[in-house]
Amino acid sequence: MTPHHRTPGIPAAEAPPPGGGASSGGRRRGPGARLLDLAIGRAAARAAAPGGLLFTERQLYYATCRVLSPGAALPVRIPHTPAPPLRLPVFTRALDARGRQSVEGLLPPVPPRTGGVPAVRNVTGEGGTGEPDLYDYGLPRLLVCQDPAIARMLLANHVHLEAACPVIAAADALPLDPRLAAALERAGGATVHVLHDAGPAGIALPARIRSALGPLAGVRVTSMGLVPRHAAALRLPSGRGPAPGPAPGALPPALRPAEADWLARGRFAEVAAVPPARLVRTVLRLTRGTRPPRSSLRSDLRGLRATGFMTWPSA
């Protein structure tokens, strides 16, 4: 999460852990801390399902919030953005007491950028320069993530390979490498997907990338979300930042008045709050576009009549 963000539901002063949780000095953990430890274990199993997905610490935090809020899974859902039921400092202390290495599937933190070197390795190599010959070809799609940890999570789960779409963090994409811009233009009809938080900085990110691209022929920049209505429909926990939202003129025209008011109150929701499996499915669906019809024996035989070298015999 970028430094100007504020963690949802966290005031300046930290509250003590519930139930007299684990503390330094080897004191005995209370029942509240043991209950939270069980919730973290269950949340980790849910975050990894199905198929052993890898996830970030922030995604584990929100998964733990869902475990502690069973009402969020009820079939009747009224769109809203509730406050998280668990304070992040309490979760962090419980995770420290449990030991991060004991949580299967938890990714390590993204290392900070040092000396201008990107923190997230994308499909084209470290900082996009590991395989310079790739820039000689057209690049039909690109995914830019506001959160470096989310970009790393998608890469760790091989989303870039399955979608045939490079994934890069916004901090590594801006300023835009001229060779990358040329590869997008060369593809003809390329799309730059932007995955961002529902907050002032995230809402403004697609416009920043569009401005960085300049007048490239046939290159389209599209927001994958989140926007406030997505957060409300998914009932994602939201926080409140210290600064007001952007001025009305800076908001995208497709944003609804209620969403503009939500942002003006300093509200925001993070992509990390979306369940990992749902996030992966959504990214794959939007980057790959519409899927071809499901294959069947009937359609395969019909297709063989007119395709390829081994066509259906006419006699």
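At 27% relative accessibility, arginine 98 counts as partly exposed, a class between buried (under 20% relative accessible area) and exposed (over 50%), with a 1.4 Å probe and protein chains only. The model is predicted, so local features need pLDDT of at least 70 and side-chain atom pairs count only at pLDDT 80 or more, while totals for chains, interfaces and linings use all residues. Residues are numbered from 1 along each chain as its sequence is written, and side-chain values use heavy atoms, with hydrogens and water left out.

The side chain of arginine 98 meets that of aspartate 37 in a salt bridge with an N to O distance of 3.2 Å; the term denotes a side-chain nitrogen of Lys or Arg within 4 Å of a carboxyl oxygen of Asp or Glu. Arginine 98 belongs to helix α3 (residues 88–98) and aspartate 37 to helix α1 (residues 31–48), so the pair ties together parts 61 residues apart in sequence. Helices (H or I, at least four residues) and strands (E, at least two) are DSSP runs, numbered from the N terminus. Aspartate 37, at 18% relative accessibility, counts as buried.

## Other salt bridges

By this rule the count comes to 7 salt bridges. Glutamate 57 forms one of them with arginine 100, the closest N and O atoms being 3.0 Å apart. This pair links distant parts of the chain, with glutamate 57 in helix α2 (residues 57–68) and arginine 100 in the loop between α3 and β1, 43 residues apart. Glutamate 57 is partly exposed at 23% relative accessibility, and arginine 100 is partly exposed with a relative accessible area of 29%.

Arginine 288 and glutamate 162 also meet through their side chains in a salt bridge (3.4 Å, N to O). Arginine 288 lies in helix α11 and glutamate 162 in helix α5 (residues 159–162), so parts 126 residues apart in sequence are tied together. The relative accessible area is 30% for arginine 288, which is partly exposed, and 48% for glutamate 162, which is partly exposed. Salt bridges with shared partners join Glu57, Asp96 and Arg100 into one network.

## The parallel sheet

Four strands form an open sheet in the order β2-β1-β3-β4, with parallel pairing; two strands pair if DSSP finds at least two bridges between them. At the edges stand β2 (167–169) and β4 (220–225), each with a single partner strand, so one side of each has no neighbour in the sheet. Neighbouring strands are turned by 25° against each other on average, direction ignored.

Strand β1 (residues 141–145) is joined to β2 by 3 bridges and to β3 by 5 bridges. Cysteine 145 has alanine 169 in β2 as its bridge partner, while leucine 143 stands opposite histidine 193 in β3. Between β3 and β4 there are 5 bridges in the parallel sense; histidine 193 has threonine 222 in β4 as a bridge partner, and valine 192 stands opposite valine 221 in β4.

## Burial of β3

In β3, 5 of the 5 residues are buried, so the strand is largely enclosed by the rest of the structure. Thr191, His193 and Leu195 point one way from β3, and Val192 and Val194 the other way.

## The chain as a whole

The protein chain comprises 12 helices and 6 strands. Buried residues make up 42% of its 315 residues.

Note on methods: Axes are lines fitted to C-alpha atoms, for helices over the stretch in contact, and angles run from 0 to 180 degrees between N-to-C directions.
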